[in-house]
Amino acid sequence: MTSLRIFFIGGLMSFRALFNWMNPWIFVPTILLGPITQILLFAYVGRAAGVGDDEFFIIGNALNYAAIPGMFAMTFTIGGERFAQTLGLVLVSPARRIPLFMGRALPVILTGWGTAMFGIVSGVWALDADIPWGSFPLVGLVVAVGAFATAGIGLVMGAINLVWRDGATLGNVVFLVLLVFTGTNVALEDLPGWMAPIGRCLPLTHAIEATRMVADGAAWGQVSGLVGTEMLIGAVYVVLGLAALRWLEQMSRTHATLDRV
Amino acid sequence: MSRLRQLWVCYRLQLKVMMFSPFEGFLQVFFPLMFATAALLVYRVNNDPEAMLYAGIGAAAMGIWTSQTTTAATLVQRERWAGTLELVVAAPTPFAFVVLPITFGMATLGLYSVVAVVLWDWWLFDLPLQVENWPGFVLSILMATFTIALFGFLLSVTVVRYRTAWAIGSALEYPGWLLCGFVVPLALLPGWVQPLSWARAPTWGVQAMRASAAGESPWFDLAMCAAVGLAYALLAAWLGNRLIDSARRHATLSLT
C-alpha cells in the first residue's frame with residue numbers, strides 16, 4: 001500500500017513541483033504550439049520535396065514531440081531534486097526506488113501522450129489530412145506505448161542528470177537524435193543504410209511506423225509486433241534508467257557529490 | 001572612440017561567454033545542423049539535384065536564425081538571474097548599446113553554424129556549395145546575419161517583462177524557418193501567410209543568397225533585407241526605451 005501511495009501520490013506531487021513547464025506561459029508555447037509548428041515545417045518540406053503525404057509528417061512529428069515531455073519532464077523531476085536541495089532527503093528515505101522513480105514517469109507518460117495526440121489532431125485539422133476517426137482509439141494506444149518508451153529514455157537521462165548538470169542540452173541532443181534516426185520524417189528504408197539499425201534501437205521508431213499503419217487502416221494484429229517491440233525497447237530503457245539511478249546514487253554517496261550543482 | 005571600445009569589449013566578452021556555454025556554444029550549432037539534416041534527408045529521397053541545392057543553401061542559413069531566437073529571448077532574463085540587470089540599466093551607457101553587441105555575438109555563432117552546415121552537407125550528402133557570385137553570396141550571408149542580430153535586439157527588448165521568455169523564443173524557431181523560406185519555397189505557403197514572410201528580414205537575406213548562388217542580381221533582396229533590418233532596429237530602440245522606463249517606473253525590472 002505504501003508503495004502504491006508513493007507511486008501515485010508521490011509521483012504526481014513531484015511532477016507538479018518540479019516540472020515547471022506546467023505553467024501556461026511555458027506549456028502553451030512549448031507543449032502545444034511546438035508540435036504544430038514542427039508538423040507544419042516538415043509537412044511543407046515534404047510538399048516541396050514531393051515526398052510522402054501530410055499524414056506521414058503529422059504522425060512522425062507529433063510522436064517525435066512526445067519525446068519533449070518524456071525526456072525533459074523526467075530529467076527535471078529527478079535531476080530537479082538536486083537543484084531544489086531535496087535529493088539527499090529523497091535518497092535517505094526508506095522508500096522503494098522503483099515506485100519512487102516510476103511514479104514520476106506516469107504523469108510524464110500522460111503528458112507525452114497528450115502532446116502527441118494534440119499534435120495529431122491539430123495537424124489533421126490544420127492540413128486537412130485524412131486520418132479516419134475510427135482509427136483513433138488504436139492510434140491512442142500505440143502513441144501511449146511510444147510515450148512510455150520516451151519516458152524510459154527520460155529515466156536514463158534523469159539518472160545522468162544526477163551527475164551532469166546540463167540536462168537541457170542533453171535533452172535537446174537526444175531529441176534531435178530521435179528526430180533524425182527514428183523515421184520521423186523519412187521512412188527507415190529511405191535513410192542511409194547505417195542509420196536505420198540505430199533507429200531500430202531507439203524509442204519511437206516502431207511506434208511511429210505502427211501509428212502510420214493504423215492510420216492507413218491496419219488492424220491490431222498487423223501492428224502488434226511493432227507495438228510489442230516498442231514496449232520492449234521502452235522496458236529496456238526503464239531498466240537501464242533504474243540501474244543507472246542506483247549506480248549513480250551509490251557513486252554520489254561515495255564521492256560526496258550528491259548536492260553538487 | 002570610447003563608444004566603439006565599449007561595443008567591442010561587450011561583443012568580445014559576451015562571445016567568449018557564449019562560446020564556452022554548452023547550451024549556446026554547442027547546441028546553437030548542433031540544433032540547426034540536425035534540423036538541416038532532417039530536411040535534407042527528406043529532399044534526398046527523390047534525389048533531385050536542383051531541389052537539394054535549393055534546400056542546401058537555405059539549410060546553411062538556418063543556424064543564423066537559431067542563434068537569436070531562444071538566446072536573444074533570454075538575454076535580459078540572464079542578466080536578471082545574474083543580478084546585473086539593474087546595473088546595466090542604471091549605467092550611463094544606453095541599454096541598446098549593451099544589448100546590440102550581445103546579439104551580434106550570438107549572430108557570430110550563427111555564422112559559425114553556416115560554415116559547419118555547409119561542410120556537413122558536403123560530407124554527409126555530397127552536396128558542395130555551388131555559387132556563381134561569391135562576393136554577392138558572402139555579402140548576402142553577412143546581411144542576413146546582421147539583420148537577424150537586429151531582430152534579436154528587437155526580440156530581447158520586447159520580452160523584457162516576460163518571465164519565461166525562453167519559451168517564446170523557442171516557439172519562434174520553426175515558424176521562422178518556415179516563414180522565411182529557409183528550406184521551403186514561399187510560393188508553397190498559403191497566400192495570407194506571405195506578407196508575414198515579407199516583413200521578416202531573413203526572407204530577403206535568404207532570397208539574396210539564392211540569387212547570388214544562381215548568378216542573378218541580389219541587390220533588390222539585399223536592399224529589402226537592409227530596410228526591414230533598419231525597421232527592426234528603430235522599433236527596438238524605441239520600444240526598448242519605453243519598456244525599460246516603464247519597468248523602472250513600476251519597479252518591475254527584477255520581476256521578483
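## A buried aspartate

A residue is called buried when its relative accessible area is under 20%, exposed when over 50%, and partly exposed in between (1.4 Å probe, protein chains only). A:Asp54 is buried, with a relative accessible area of 14%. This is a predicted model: local features need pLDDT of at least 70, side-chain atom pairs count only at pLDDT 80 or more, and totals for chains, interfaces and linings use all residues. Residues are numbered from 1 along each chain as its sequence is written, chains are lettered from A and ligands numbered from 1 in the order in which they are written, and side-chain values use heavy atoms, with hydrogens and water left out.

A:Asp54 lies in helix H3 (residues 54-83) of chain A. Helices (H or I, at least four residues) and strands (E, at least two) are DSSP runs, numbered from the N terminus. What does the side chain of A:Asp54 make a polar contact with? The partner is the side chain of A:Arg47, at 2.6 Å. A polar contact is a pair of N or O atoms within 3.5 Å; within protein, one must be able to donate a hydrogen and the other to accept it, and residues adjacent in sequence count only if both atoms are side-chain atoms.

Contact on its own means heavy atoms within 4.5 Å. Leaving aside neighbours within four places in sequence, A:Asp54 is in contact with A:Ala43, A:Arg47, A:Leu127 and A:Ala129.

## Helix H7 of chain A

Helix H7 of chain A covers residues 167-181. Its 15 residues should span 21 Å at 1.5 Å a residue, and its end C-alpha atoms are 21 Å apart, which agrees. The expected span is 1.5 Å times one less than the number of residues.

Of the 15 residues of H7(A), 12 are buried, so the helix is largely enclosed by the rest of the structure. Among them are A:Gly167, A:Asn172 and A:Phe181. Just after H7(A), A:Gly183 takes a positive phi of about 80 degrees.

## Where chains A and B meet

In chain B, 33 residues are in contact with 38 residues of chain A. The two chains bury about 3000 Å² between them, 82% of it on carbon and sulfur atoms. Buried area is the accessible area (1.4 Å probe) that two parts lose on being put together, summed over both. B:Leu41, B:Val42 and B:Tyr174 supply 19% of the area that chain B buries against chain A, more than any other three residues.

Between the chains there are 5 residue pairs in polar contact (both at pLDDT 80 or more). On the chain B side, helix H2 (22-46) and helix H9 (165-179) each give two or more residues. H2(B) gives the most, with 17 residues.
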